[in-house]
Structure formats: structure tokens, C-alpha cells
Amino acid sequence: MALARVTVTVPARLLKEADRRASALQRSRSWVVAEALRGFLAGAVRDDAGRGARAPALVREDAPAPYAAPAADVERARLRHLEAELALTPAARLERAEELGRLARSRQRRGRRHQVIGFESWDDYDLWKTAQRIGG
């Protein structure tokens, strides 16, 4: 399913209610808003005068896949991972950490960093430049 990002402005109180509902359901804010929009498009809609009018169901989809795993599942997975790591010997944990460090360094982009440095005065710049030459 293709997703699209939208920006909407809603009253702060309504957003707090949506966040509370998302937390209670262990879902994301996006999921709650999408469900509300599905319900609006499929259900009764009021016109500007407040009269009820039945809108045709414009959206028909299978039940949406959850955006994220429930918090309890994530917590259990993290605990299993921690227990597996603690079951290793200290030497094995150190070896694994070194391996991950090597992997991270191998994936870093090479080349010059672009950096902007500001100085208050020429004297500050001169001190910095001298320190760079010396190696400090």
C-alpha cells in the first residue's frame, strides 16, 4: 500500500485526545487518524447546515497492517536480546563489540568533512590556526 504524508491543522485538544487513544490502543497517531478518516468516508456525513446525509463508502480496504509491533512484544524481544547477550562470556562480548566497531567504521563515508567555524576576532582565528599547525 502506497503511503502519502499530509499536514493538517486541528485543535490542540483534539490532537491530545487522538494521542490518548493511540496510546491506549498501542498504535501510532497516524494509525488513529487514518482510521478516523476511513470511518468518516465510510459513514454518515453532515452537511454545512448540520443535516445528516449518507455518504457513499469511498474507501474499501482490507484491515490495515499495524504500523508498529505492540509495546509488550517489543519489550519481550528486547529482554530476550539482553538475556542472550548476557549469556556470552565477557571475552565474547568484547569480541562482538570490537567486531561491531569495525563494521561501523567500514560503513562510514570517507572524505573531507565540511565544517563552518566562526571566530570573534582575528586573534581567536590566529590562535586556532597555530594550534592546528602544532597538532593541538
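**Salt bridges in a predicted helical model**

Let's start in helix α3, residues 71-87: D73 and R76 both sit there, three residues apart, about one turn of the helix. Helices here are DSSP runs of H or I, at least four residues; strands are runs of E, at least two; both are numbered from the N terminus.

A quick note on the source. This is a predicted model, where local features need pLDDT of at least 70, side-chain atom pairs count only at pLDDT 80 or more, and totals for chains, interfaces and linings use all residues. Residues are numbered from 1 along each chain as its sequence is written, and side-chain values use heavy atoms, leaving out hydrogens and water.

Back to our pair. D73 and R76 form a salt bridge, with the closest N and O atoms 2.2 Å apart. That term means a side-chain nitrogen of Lys or Arg within 4 Å of a carboxyl oxygen of Asp or Glu.

Are they buried or exposed? D73 is partly exposed at 35% relative accessibility. R76 is partly exposed too, at 45%. The cut-offs: buried is under 20% relative accessible area, exposed is over 50%, partly exposed is in between, using a 1.4 Å probe and protein chains only.

Next pair. E85 bridges to R96, closest N and O atoms 2.9 Å apart. E85 is in helix α3 and R96 in helix α4, residues 90-107, so this pair ties together parts eleven residues apart in sequence. E85 counts as buried at 18%. R96 is partly exposed at 38%.

How many salt bridges are in the whole structure? Five.

Finally, the overall layout. The protein chain has five helices and two strands. Their order from the N terminus is α-α-β-β-α-α-α.
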